[in-house]
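The structure below is the one to follow.

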Amino acid sequence: MPINYDAQIEIRDARNGSWFWIHTHVLRDRSLTNTDKVIYALIASYANQIQTAFPSVTRLAIDAQLSKRHVYRSLKNIEERKYLKISHLK
């Protein structure tokens, strides 16, 4: 069955404190860099039951041991591929 890349991706919060779900087609997407996949996974690790997550760019950079610039670049790539939607809070 082909993958519908336009469909909204569900990040399930079925954690038992130490694990979470990531869709395999995100991990297998060759248009994403390894850094993009790490950032996606970190965001998924912060997601709650209604599929929202609020880690800061600073928090993601610290967790991934990357510069903020790398995080911003990855967020842009991930959002362009519609794997997540970024809302800027005021």
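Predicted model: local features only at pLDDT ≥ 70, side-chain atom pairs only at ≥ 80, totals over all residues.

Helix 3 covers residues 57-64, and helix 4 covers residues 68-80. Between them, Gln 65 comes after helix 3 and has a positive phi, near 55°. The two helices pack at an angle of about 105°, and their axes lie 9 Å apart. Because angles of 65 to 115 degrees count as roughly perpendicular, helix 3 is roughly perpendicular to helix 4. On the helix 3 side, the contact is formed by Val 57, Thr 58, Leu 60 and Ala 61; helix 4 contributes Lys 68, Val 71, Tyr 72 and Leu 75. Sorted by class, the residues of this contact are six nonpolar, one polar and one charged.

Helix 2, residues 34-46, also packs on helix 3, at an angle of about 115° and with an axis separation of 10 Å. The crossing of helix 2 and helix 3 is right-handed. Here Val 38, Ile 39, Leu 42, Ile 43 and Tyr 46 of helix 2 meet Arg 59, Leu 60, Asp 63 and Ala 64 of helix 3. This contact has seven nonpolar and two charged residues, with no polar ones.

Which residues of helix 3 are buried? They are Val 57, Leu 60, Ala 61 and Ala 64. Viewed down the axis of helix 3, these buried residues fall within an arc of 100°, so they line one face of the helix. Helix 2 and helix 4 are among the elements that cover them.

Definitions and conventions: Residues numbered from 1 in each chain as written. Heavy atoms only, no water. Axes fitted to C-alpha atoms, helices over the stretch in contact; angles between N-to-C directions. Helix = DSSP H or I, 4+ residues; strand = E, 2+ residues; numbered from the N terminus. Parallel < 35°, antiparallel > 145°, perpendicular 65-115°, else oblique. Contact = heavy atoms within 4.5 Å. Nonpolar A, V, L, I, M, F, W, Y, C, P; charged D, E, K, R; others polar. Left-handed = near helix turned anticlockwise from the far one by under 90°. Buried < 20%, exposed > 50% of the residue type's maximum accessible area, 1.4 Å probe, protein only. Arc of directions from axis to C-beta.
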